[in-house]
Structure formats: C-alpha cells, structure tokens
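Open the model in your viewer and keep the selection tool at hand. The tour moves from a pocket to the cores and then to the aromatic rings.

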Amino acid sequence: MMTSLQLDPLVPWFFWFALSGVCFVGILVGVIRHLRGWPWRMVSLVILLLALLQPSLAQQEREYLQDIVIILEDKSSSQAIRGRSEQSNTTAQALEEMLTNRNGVKVRRVSVADGEDNSGTRMIQTLKRVLAEEPRAQIAGIITITDGQVHDLNMMPDLPAPLHVFLSGEKSGYDRRLIVKNAAAFAIVGDPVTITLRIDELGDIPQGSRQVGIRVSIDGKAPQRFTLPVGEDIEVKLTLPHSGANIFEFNLDPLEGELTQKNNVALLSINGIRDRLRVLLVSGEPHAGGRTWRNLLKSDSSVDLVHFTILRPPGKQDGVPVDELSLIPFPTRELFMEKIDDFDLIIFDRYKRRGILPASYLANISRYIEDGGAVLVAAGPDFASANSLFRSPLGRILPAEPTSRVLSTGYVPKITDLGERHPVTAGLTAQSDWGRWFRQIEIKPRSGHVLMTGVEEQPLLVLDRVKQGRIALLASDHAWLWNRKFEGGGPQLELLRRLAHWMMSEPDLEEEILIAKQVGPKVRIIRRTLGTAPKEVIVTSPSGQESKVALTPTMDDLGFEALFESTEQGLFSMQEGEIEGIFAFGTPAPQEFANPLASSDILAPLAEASRGGVFWISDGLPRLRTVLPGRRAAGRGWFAISPRQAFDTISVTKKTLLPGWLVATLVSLFIVFGWLREGRDQKLLI
C-alpha cells in the first residue's frame with residue numbers, strides 16, 4: 001500500500017494564481033491599515049484557496065513486477081572454433097541459475113545466429129528486437145556471451161540497464177587468413193585476368209613467416225602453386241580456360257596452431273566471355289535473302305564478321321579482262337588453310353562447288369569442325385544439285401543427305417517435340433502466327449537432332465555434334481521472308497541468333513548441361529537434357545562424401561531440378577550419367593571468419609558507457625551483486641544488476657482532505673471572528 005498527496009484543482013492554474021494575488025493584495029491592505037481582523041480573514045482566504053486545489057490522499061495498491069535480465073548467446077559460426085560453443089553454453093547455464101536463484105528475477109535467454117547474406121553476427125539487431133518485446137522499466141541487466149566479433153554496432157540502441165560482456169575463446173589465439181581484395185566479375189577467355197590477393201596474420205603468431213605458399217585451381221583441375229609475401233597486396237595473373245562460369249579455388253598453406261583454416265580458402269567465380277566472335281560468312285551467289293545473315297551478325301557488336309560473296313565464279317565467261325575487274329580476289333588459301341582456326345564460326349549461305357574451294361580445303365574444314373570449330377550450312381537449291389557440298393569431303397560429317405528434290409510450295413515451319421525442349425528453339429513465339437516459306441530442300445537425317453520441320457513434316461533444321469565441334473543444316477533459303485514481315489513474319493532474328501550462338505558454344509544454349517546456382521542457404525541443381533528423364537544426381541562434397549539428390553521436372557518442363565543443402569562449404573562436384581559439373585557452395589569470404597580472434601575491443605566501449613563490465617570466461621565467473629540504477633555495476637571479480645522496482649497499480653483510493661461542508665464552516669467561522677474583532681475595536685475607539 002502506497003499513500004501520496006494529490007491535487008485536483010477546480011479552476012485552471014493561471015486563474016488560481018491570479019486569485020491568490022488578489023487575496024494577497026487584500027491582506028496587505030489590511031495590514032497597512034492596521035485592521036485587527038486581517039489574520040482571521042487571511043486564514044479564511046487560505047482555506048478557500050486550498051479548497052480550490054481540492055487536495056486528497058491517494059492510496060495505491062501495487063503489485064511489484066519481476067526484474068528481467070537478458071542473456072544473449074552468440075551461436076554464430078565463429079563460436080565453433082576450439083570449443084567456444086561448449087564454453088558459452090556452460091557459462092549461459094551457470095548465469096541463468098545464478099540469476100534465477102534471486103527472488104524477483106526473470107531471465108530471458110536468446111540465441112544469436114549468423115546474419116543473412118553474409119552479414120556476420122547481428123548481436124545488436126537481436127538486442128533491439130528483444131528490448132522491443134520486453135518492458136524497458138523491468139530490464140535490470142543485459143549479458144552477452146560472445147567472442148566479441150559483432151558486426152552491427154551502427155544499430156546500437158539506448159540501453160536501460162548495464163551491459164556485461166562475457167568473452168569466450170582464448171586470449172592469446174592467432175590466425176592467418178586469405179583475402180581476395182579485387183577480382184573482375186567478367187574476363188576475356190584466353191587473356192590473363194588480374195586478381196589481387198592479400199595474406200594477413202592476426203594475433204601473436206610464433207615464428208611468423210614472410211612467405212606463404214598458396215594453391216590455385218580452376219574448376220577443380222590440377223592446382224597451380226604460388227609463393228606470396230605476408231601483409232602485402234599482390235596481383236596474380238591467371239587465364240580463363242573457357243566461356244561461362246570459371247570457378248577459382250584458392251588454398252593457403254595451413255599454419256600450425258591457428259584458430260581456423262576456414263579463412264584459408266577462397267572461392268571466386270569469373271564469367272568468361274569471348275573478346276570478339278570471329279565469323280566467316282561465304283555467300284555462294286547473290287539472292288533475295290543474301291543480306292539476312294550479314295545484317296544479323298553485324299547487329300551484334302561482339303562479332304567480327306568477314307563476308308565474301310562470290311559474284312563472278314571462275315567458270316563465268318563474259319569477255320571482260322581480269323585486270324579490268326574491280327572485284328577482290330577470293331583469298332581461299334589464306335582463309336581455309338592458314339587462318340581457318342582463327343574463326344569461331346563458318347557459314348555457307350547457298351554455296352555450291354564451283355572450283356573455288358578444292359577438295360583439300362573442304363577436307364581441312366572437316367578437320368576444323370572435329371577439332372572444335374563450327375559450320376552452319378544454309379541450303380538452297382544448290383544443296384540438291386550435283387555440285388552440292390554434300391558431294392564433297394565435307395559431306396561425311398553433314399547431319400543429313402539431300403535427295404535432289406526441291407519442294408516449292410507454301411508451308412509454315414513447325415517446331416518438333418524435341419525442338420520444344422532444345423534451347424535453340426524452345427520458347428519461341430506462337431507458331432500459329434508465323435508466315436509461310438515457299439522452298440525447302442528434301443533431306444534425310446543421318447545423325448543429330450531435328451528441331452524444325454516443313455513441307456510434309458520433312459526435316460528443316462538439323463543440329464549435330466561432330467567430335468569436339470558442331471554443325472547445323474538449315475534446309476531452306478527462305479528465312480528472309482520472316483525478316484520482311486511476309487504474312488506477319490516470324491522470330492527470324494531470335495532463331496538465327498540462338499542458332500549462331502549455339503554453334504559458338506554459348507553455355508546458356510547447351511542442350512546437355514548440369515549446372516548449379518546457390519539460392520540462399522540451398523543450391524538449385526539444374527539438369528537439361530534431350531535424352532531420357534534423369535532420376536538423380538550424385539553430389540560429392542569437399543570432404544569426399546557422396547549424396548544422391550533426386551531430380552524433378554522444372555516448371556517450364558525444359559529440364560530437371562533439385563534442391564541441395566550441406567553443412568560443408570567449398571567446391572562440390574556433380575555427376576549425372578556421363579555429364580559432370582561443379583559448383584561453389586557457401587560464402588566465398590565468410591564475414592564470421594574475417595577475424596576469428598576473441599577480442600573485447602568492439603564491445604568494451606559499450607559496456608563501459610552503460611557502467612557494465614567485460615569478463616573472460618577463461619578467468620572464471622565473477623560474483624553477482626545488486627546496485628542502484630545509475631551506479632557502477634562491475635568491478636574486479638564481480639558484476640551487478642540494477643533492480644528496477646517496477647510495479648502494476650491494482651487499485652487507487654482517494655480521500656478528500658477538505659470536504660465542502662468543512663470548508664464552508666471554517667471560512668464562515670474565521671470571517672465572523674475577524675468581523676467581531678474589528679467591531680470590538682471600533683467600540684473601544686468610540
């Protein structure tokens with residue numbers, strides 16, 4: 001029960017003060033004029049003024065609340081170093097028992113995990129959330145059990161109670177770490193890419209070395225070895241072997257006795273791009289769609305195009321002397337023998353044998369394809385003639401054979417069931433809106449995949465792989481009709497662009513591929529294939545442990561996918577049938593292990609500002625005390641909480657000190673006394 005005096009004025013305060021002033025002036029006049037009744041009048045006025053304040057005694061019935069002590073336990077990845085987790089758990093349990101043994105104390109124990117997106121230990125963010133959930137008037141103390149590495153100090157709130165820091169780990173630990181300071185996201189295939197590395201030594205390292213060995217491997221292949229100095233930014237030049245994602249793994253030689261080796265490894269993914277795609281376009285003769293391929297390739301700024309059109313074949317007899325012609329001689333030997341390997345793609349547009357390319361040159365083109373080159377044949381009536389490229393050394397690797405029949409009738413190209421799944425033709429616009437073509441060469445497929453058909457379901461577009469290279473056959477020269485928007489046109493630009501980039505081994509257009517992408521804490525494995533539906537992928541972790549992951553069809557039915565997760569981090573390998581792949585899982589440079597040393601440097605100023613203390617768990621637990629709020633709450637061998645005496649009011653009872661009847665009686669009585677006193681004095685004067 002708590003009793004207090006309360007005032008509940010009947011009039012505004014400014015009016016009460018004004019009235020008090022008037023009363024004071026009246027009393028002062030009485031004193032000056034020596035009126036003997038002024039004391040009685042003054043008492044009556046004071047009673048009246050007090051009555052206007054309406055004083056009362058308030059009696060409160062209170063229920064005192066428990067004091068709350070918050071214990072924040074660091075459960076981040078760095079707590080797994082050398083028994084820190086067990087040390088922290090034991091300390092948290094001991095502190096909780098110590099606090100709950102005191103009457104009126106409630107313990108709120110909260111775990112702090114790794115922050116999302118490699119943001120480190122979000123200790124302060126968690127503290128803000130807990131403070132928002134608990135009444136601040138009941139917070140008697142805040143205890144953090146951590147290694148001291150906190151990464152969100154900029155979010156520090158005002159603390160209602162002392163903050164105590166209990167540090168896990170060793171006071172004299174040391175470590176060596178590898179940092180990738182600078183690396184490009186993209187680089188040119190075959191050209192050196194510069195990566196800036198730095199090796200730092202933290203703590204008091206015994207017999208520290210100024211030179212440290214490092215191994216660098218690309219896509220899990222045999223590593224290269226370097227020796228780098230400590231404490232300096234060093235530029236290392238490496239070469240990307242292929243287009244698409246190139247995964248670099250850096251491994252620092254371990255240091256005996258260091259806290260962790262997790263920061264000795266760094267993973268880096270660099271996308272390889274071609275500097276310039278070199279394309280050779282050979283047009284056999286001028287025709288209505290002759291500029292289709294040229295316009296397509298010239299519209300891509302990354303393509304270097306060499307285009308030759310045969311305007312005057314050797315057999316043409318028009319009587320014009322050769323030395324009077326302004327045409328450029330076709331450099332056949334230079335292009336098809338000496339520099340053929342410099343090209344990424346060769347396109348034959350309505351080309352037929354006219355004696356310009358001898359059999360030895362065409363045989364060299366076959367060799368170029370088998371060694372990793374690419375050839376696209378856009379066929380016209382020439383392909384069905386006796387001078388067809390099929391009837392040359394190139395014919396042995398062409399995916400289809402002409403029947404010598406030219407189909408001249410209107411038709412709308414259609415995508416086959418296989419083409420619906422192939423990246424080159426999958427997802428093109430609705431075929432019902434496409435315009436017609438009017439010529440097609442009848443062919444009989446011998447190998448490869450038929451992606452499009454034309455007249456009478458005859459093969460129109462055939463793609464094939466020949467050893468290391470690729471070859472494609474388009475059995476029509478009427479793709480240009482789509483470009484001219486005939487009958488609404490069609491996806492000519494997109495189709496030919498995809499076709500050209502598939503020929504040049506664009507990773508996104510591979511039909512047989514096994515890739516993985518990290519999505520939050522998991523990895524999405526994607527298997528694209530034109531064969532039978534795969535059932536599972538075998539994933540091998542960095543430690544050599546194998547896991548079988550089941551595959552399911554993707555939402556677009558263009559492949560299969562699975563979600564994979566692991567407690568390990570590093571370079572993983574995948575295999576499904578004969579297709580292999582790799583992926584890097586985990587954060588390339590974990591914030592938690594950027595500095596694994598246990599330290600008080602970060603949290604000590606905060607503890608000092610709140611009058612709390614910092615204690616090493618390895619020194620033993622300090623004694624618990626209580627101090628008044630605002631007093632020093634830590635010292636040598638002890639720490640304290642500040643009881644807040646918070647309460648809830650159950651009921652309030654008020655008793656008026658000056659009831660109306662009493663005020664009226666007293667005021668009347670003292671006024672009469674004053675009047676009688678003044679009247680008596682006047683009679684004596686008479």
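**Stop 1: the second largest pocket**

The second largest pocket holds about 930 Å³ of space. This is a predicted model. Select Ser77, Gln569, Gly586, Thr587 and Pro590: of the 32 lining residues, these are the closest to the pocket's centre. Next, colour strand 13 (244–252), strand 14 (265–273) and strand 31 (570–576); each supplies at least two residues of the lining. Strand 14 gives the largest share, three residues. By type, the lining divides into ten nonpolar, 14 polar and eight charged residues.

**Stop 2: the nonpolar cores**

Go to Trp293, Leu345 and Met452. They have the most contacts inside the largest nonpolar core, a set of 40 residues. Now show helix 9 (residues 492–503), which gives the most to this core, with six residues. Another core, of 36 residues, lies apart from it; Leu362, Ile369, Ile443 and Ala475 are among them.

Return to Met452. Beyond its neighbours within four places in sequence, its contacts include Pro413, Ile415, Trp434, Leu461, Trp482 and Leu495.

**Stop 3: aromatic rings**

Trp434 and Trp482 also belong to one aromatic cluster, with Tyr411 and Trp437. Select those four together.

The model has 17 aromatic pairs. For one of them, select Phe572 and Phe583: the pair is stacked, at 5.2 Å centre to centre and 5° between the planes. Phe572 lies in strand 31 and Phe583 in strand 32 (residues 579–585), so the pair ties together parts that are eleven residues apart in sequence. Buried or exposed, these two phenylalanines, Phe572 and Phe583? Both are buried.

Note on methods. Residues numbered from 1 in each chain as written. Predicted model: local features only at pLDDT ≥ 70, side-chain atom pairs only at ≥ 80, totals over all residues. Heavy atoms only, no water. 1 Å grid on protein atoms, 1.4 Å probe; cavity = no way out; pocket = protein on both sides within 12 Å on 5 of 7 lines; lining within 4 Å. Points joined across faces, edges and corners; volume = space filled by probe spheres on them. Helix = DSSP H or I, 4+ residues; strand = E, 2+ residues; numbered from the N terminus. Nonpolar A, V, L, I, M, F, W, Y, C, P; charged D, E, K, R; others polar. Core = buried A, V, L, I, M, F, W, Y, C linked by side-chain atoms within 4.5 Å. Buried < 20%, exposed > 50% of the residue type's maximum accessible area, 1.4 Å probe, protein only. Contact = heavy atoms within 4.5 Å. Phe/Tyr/Trp six-rings, centres within 6.5 Å; stacked < 30°, edge-to-face > 60°.
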